[in-house]
Every structure is written in C-alpha cells, then in structure tokens.
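Please consult the sequence and coordinates alongside the text.

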Amino acid sequence: MNTDSLEDTDPRPSGTPDFEWEYEGRIVVLDNGARLPIMPAFDRLMALNAFAVVVLDPASILHGNKNIKELPEFQVFGHATLGNGDDAVLYACMDPLESATLEPVIPDDLPERTRLRRKVIAELPVSTLRLDAIEGLDYLDWLLLDDRNDILSALEHGTHALTHTSLVDIRIPFRDAYAGQSRFLQAIPWMQAHSFTFHGFANTGHKSLLPEGKFFAKNKATRWEWADAIFLPDATRLAGMDRACATKLACVADLAYGMHDLAAELLGRFDPEAAARYLDARGYISPYFKEADTFTLTAAQAPAPWKDLQVDDPLSRAEGEPA
Amino acid sequence: MSKHRAPRGKLAVTSTKPQPLPAARKHLKEAERLVAAGQPQAATAQFQRAVNVDPTNVDLRYKFGKHLLAQHEQELGILQLERAVRLDDRAVAPLLELGQAYTATNRFADAKGLLEKALEIAGKASQAHLIYGTFLHKQGKLPDAAAHFRTALALMLDHPAEAAVPKRRQDFDKPEVERLLWTTLSQLALAGVHAFAAFGTLLGIVREGALLPFDKDLDLGLPHNELDLAARCLVANGWGEVPHGFAVNPRSFLHLKLQVTIDVTGFAVDQQSGATYEGIWIEGIPAEWNRLTRWDTIDLVKATSPEGSPIWTLADPEGWLRTLYGDWRTPDPDFDTIIAARNLCGFSLMTQCYALGRIYARWESGNLRKALAATRHSLRHLPDDELLLKVEQRLSGMVTESSRRQVSAA
C-alpha cells in the first residue's frame, strides 16, 4: 500500500485573473525513466503546447500509449537510458513498472506481492546514451532523473549539458530497492560541485506499514520511500541567466511544482509588474489591497439572518439617559 | 455563555455518606492540598491513588471527576462522575455535576434524566434549578430556562452567602497577548475579513492604550457573513474553535499555543430597518428572544497596527464605545456588557437568562457588589419585577453590612 504524495500543486484560486506565460521557443525537457507522463500536472503542462520533450523509457512502459504518441514535440525512445554510452542490462520484472537497469534488491521483509512484482523474468540488452552526446540539445530547461537507473553515471556524462540546464529533478530513494542506487548524500556534493544548489524536496513517496490485504477506514503511510530533490543553478549562474531561461524556469517551477515563490522571484528579476500579476493570479495578493480604504457595513454585505424583527430602538433614548 | 458554578457543599454528595477508607482519605487530603498549592497535575495522581484504594466510594469519584473537569479533561471527568452516579443514583451532587458536564458538551439527552432526577430529589436546592436553567438555556428553551433561574434566585433569598473578595486575573495585558491581537487582526484583514477590535479589547486600547489587565478574552467584530471565512483563517493560524458552542453568534476560538480565547462577533444589517445588530444568537428560536444590541452604521477604515501590519479599524471608535457603554471614559469595575450594554434591544428572554444566572452566580460566589450591579441593571428594564426588587433589597443590605464590617475592621 504505497501512497505517493504527487499532488496537483496548482489548485487555482477562483476569481483570480489568469497569467499568460510569455517567452520565445519551447521548454526543453529530458525525462530519464518516463516520470513526466505520470505527474499529476502532466495533462495541464501538455495542454500548453509549450514543451519539447524527450523521454528515455528503458522499460518501454510508454510503448503503445497512443495519447502520448499524438502529442506534438514529444519523443519517446524505448530501450534507452542515460549513462556512459555503453550497453547495459535491463532487468525486466513481472511488473514493467519495476523494471530497471539497476538490479532489483529483494530484502527478506518485502511483502509477497511486492516480491512478485519485482521478480526478474528476463535480462535484456539496453542502450545507454551519454547526455553530452545527444544531438540537438543546445540547452535543457528541465532534466528529470528516476531512481531505477544509474543517476551518477547519467550526470557524469552530461557535465556539459548541465551547464545549460535550469532545473534538475532527481528522484532520491531512501530504501535499498535497486543495487547501486544513488543516495541523497552522494547527489548533493556532486550537484554542488557542478554549480547547482539544492532547493528542496518536491514530491515524496510513502509506504504504509498497515497490514496488507486488509481494509481500513483510512490510510496512513509514514515510511519515506523516495523524494524528488530539486536542484537549481547556484546564485552565480542564476544571476547570469537571461530573461527567456528565467521565465521558462519560472514556468516549470510554477506549473510542475507549484513553487510560486520561486516563480515570482525569477519573474521579478526582469519584470516586477509581471511578478505582481503572477502573484495576483495565484491568489497571493490580498483583497485588502484591492478594495477602497473605507468599508461601510450594509445589508447587501451582511444581511441579518431573520425577517420582521420587532424590537425596541435603544438608540432613540436621549443622550445621557442611563442605559 | 456564563459558566455557572457547581454547587458548593450544600448538596449531598452521597445519599448514604460512607466515609472513604483511611488510606484513601490520606490521598484525598494530599490531592486537595496540591490543588490549593496550584499543582493540579500532581493532585490528579493523588486523586487517582485515592480511587484505586477505595474504588466504590462515591465521594472520591465525585471529587476526582470534578477535579478532572476543572482541568478540561472532559471525557475522563465524565467517566468518573458516571461511576459515581452508578454507585449511588440518588446522590444529588454527582447527578448535577454529571448533568452539567453533559450539558457543557451538548449531550442534552444524557443530561435530561439526571437533572430531572436531581430536581425531583432536591427541588428546594437553588443550584439544581440554576443548572437545569442552564441546560434549558443552551437548547434555546428560554421561557422555561428563565423560570428556573428565577426559582433559583427565589430560593437563594433564603440562603445567607458571605461576601468574598473577588479574585480577578490581572495579567491579560501581557505584551504577547497584545501582539497576538494585532497579528490576528492583520491575518484576518489580509484574508479578506473586515474584522476590528471591539468591546473590552477596543475599550482597553482606546482608554488605556493597552489591553485591560482584568479582561479574559480578545473581542473582535466583523460582518456576520464573514464569520465562516474568519473561522477558516483563524484555524489556519493556530486557533481552534472552542467546541460545543451553542450560539451561532458569537463564535469562540482558543489560541493553541498561548491559550488565549478570542470571541468573534458578527454584525448584521436588518434589511427592513437598515439598522445594524449584533448579539448572542441561537438558531431556531424567534429572533426577538436573542440578546440583541443595535448600532449606528459600522464604518471601518484601513489602518496600520503598532507592529506595522495592515488592519481594519473602526472609523469612530469613541462613538462606538459611547453607543455601547455610555460614559466609557470612567472605569466601572461592576459593568457587565451582556446585561448592561447601553444599546441593548429591550431585555429579551436570553438577556434575562444571562442576567438572572449571573446575579445568582455572583451572589453565590460572594461577589455581592457585582451581583447587586447586575440586579440594578436588570431593574432598569424590569422596574416592577418583584423577585428582582427583593433580591436588590437583600443584596443592598448585605453590601452595606459588608462595607460597614470592613470599615470597623480597618
């Protein structure tokens, strides 16, 4: 019973104005492990028709997904993953969603159902691509890395591309699900050494320890399985970022992660008015600042909850008369 | 809503009066000493030991239950009182205490049988009528409630109460409470709520430049239709709504960290007359039964709190205070807004219930001056009320006698 806290992070407040994102070109996304299509915000993001997406799908879990194939500027490469350019092995599991190029680990305490899902039924050759060797990627606005494939290898062979990358989202595991998974304490120094700074965790996946196969009135899942660590260019790189890149980064921060403060800060660097309009659209501008400086209570605003009230008027008593 | 005091040693705790076992008595005595010493948690442990030693003693269960209720341990207190009543279902004090506890948590069906039984056994006990009156009041059965409050007062006329020096808290004007006020007003303003400092809170700020030290809660006013929005904002900012409120207006919230209560009162405009009203309103009763005060038009202006945050405030706070208090510049320690507000609409059934209940409670606690002040305010609205005239005469004599004694002692 896993609970992934992948919430739709942008419940738009009613009655607020829309905000139009304005930038030239498309937001270029590289998704290693086919994480993007299962994000709650996916449909909303794709509806903007503003992204150019490359998905490396080593386990081919998107194979046969007609909806995705019809999306413009959306390319899926099956049987491929980021890495050092050599061939690798795909451990194909009973449940394709558990398949990985890192070997599944099956600890003794794993529930039977999960054990079955993670059972390897075939070892298949799979290509790895060096990020720096992918043609046509002049810049990358958003890089997503999953936890089923070798993250550090992907990063090590993409140092050049990363100098032009605005946001890196690394799924960090907290359990030994696959051999050789990169941990948070490995990712942080690597990213810092390559001019990125850790911004925060976005989504988290939890495991419930309630007995499986039973029905409960409510769920509770407290054990962290993974978290998506968001890395941004460090202060020096951010300061040198041009308006188009900053706006695209703001757009991803807003639409994919609901990081409204970050988005407003990035917009405000080039256009404070746009930042103000954005905050208004996201419900951050208090109605206090939009109304007149005086307020008179009227029946239209606060009607009494009764009809035909028959009471004395105490205010008609003469001034000074004891109450 | 006033909290009427529980009977003080005048009603039988048990119908048979068995003494606790000596070992239990020792724990009980220690528990009572700890309560007096301001160590309620240590007292709880002693009470628990006492009932462990003598689990079938009604007096122990009753006292333990009362102690737990005083510590806001409603469920545990009720549990002990239920055991006391099971042990002796003719003991009036546990019946009343448990009935009162059920009433406080809106368990009216559970309270009914207990309180009616207590009245049947001790129909001449003023406290039984007071508690039954409160039980009816909370359900909006105001004519019957008022009748029982009157019976309680009539029976009280035969009861000599000693004058006592009222204990008043003097620490409400702490800086952190005032900071909480400004922060809360600003949070509400930014959330789109037109809330303003009102009643005692406004009086303190305007007259004293600070909260009144003897006040017991923060008071805010706002448009009645913004109550729900205000409630959501308060809950999101560390307040919890006080459970079991029986009135739809005002609503009370407790700050979970500072343990300060805020009363949020809705103001509404009558569509026919155009007049503005607030008060204490119960759903499902005739509007005229409620306690209502009438106001001139409420005008607010934007302002900045002493902490620099945006707030709403009354455009004419002095005029607002004059409407409510009359001469607001002169402190009157006996003034009770619920009964004596200058802009009260008549003396409705609910106001009468509050007035009668408060006269009784203050008299019973020995705060004779305040009891007398409440009686005299009530007589301004009901000048020919025979019961109130008798009470006024009696209290007046007692206050005079008490003053004379104090002068002699000095």
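In β8(B), D299(B) is the bridge partner of T296(A). The model is a predicted one, in which local features need pLDDT of at least 70 and side-chain atom pairs count only at pLDDT 80 or more, while totals for chains, interfaces and linings use all residues. Residues are numbered from 1 along each chain as its sequence is written, and chains are lettered from A and ligands numbered from 1 in the order in which they are written.

**Interface**

β8(B) runs antiparallel to strand β12 (residues 294–296) of chain A, and three bridges join the two. Strands pair if DSSP finds at least two bridges between them; strands (E, at least two residues) and helices (H or I, at least four) are DSSP runs numbered from the N terminus.

Contact is defined by C-beta atoms, placed from the backbone, that lie within 7 Å. By this criterion, 25 residues of chain A are in contact with 37 residues of chain B. On the chain B side, the elements giving two or more residues are α9 (175–190), β5 (261–269), β6 (276–280), β7 (291–295), β8 (299–304) and β9 (310–314). The largest share, four residues, comes from β8(B). By class, this side of chain B has 18 nonpolar, 11 polar and eight charged residues, where Ala, Val, Leu, Ile, Met, Phe, Trp, Tyr, Cys and Pro count as nonpolar, Asp, Glu, Lys and Arg as charged, and the others, Gly among them, as polar.

**Overall dimensions**

| Chain | Secondary structure |
|---|---|
| Chain A | 10 helices, 12 strands |
| Chain B | 16 helices, nine strands |

The radius of gyration is taken over C-alpha atoms, and the globule rule is 2.2 Å times the number of residues to the power 0.38. Chain A has a radius of gyration of 26 Å, well over the 20 Å given by the rule for 323 residues, so chain A is more spread out than a compact globule. Its C-alpha trace spans about 95 × 55 × 40 Å along the principal axes.

A residue is buried if 20 or more other C-beta atoms, placed from the backbone, lie within 10 Å of its own. Buried residues amount to 34% of chain A and 47% of chain B.

**Helix α14(B)**

In α14(B), 15 of the 17 residues are buried. Just after this helix, G366(B) takes a positive phi of about 90 degrees.

How values were computed. Contact = placed C-beta atoms within 7 Å. Buried ≥ 20, exposed ≤ 12 C-beta atoms within 10 Å, placed from the backbone.
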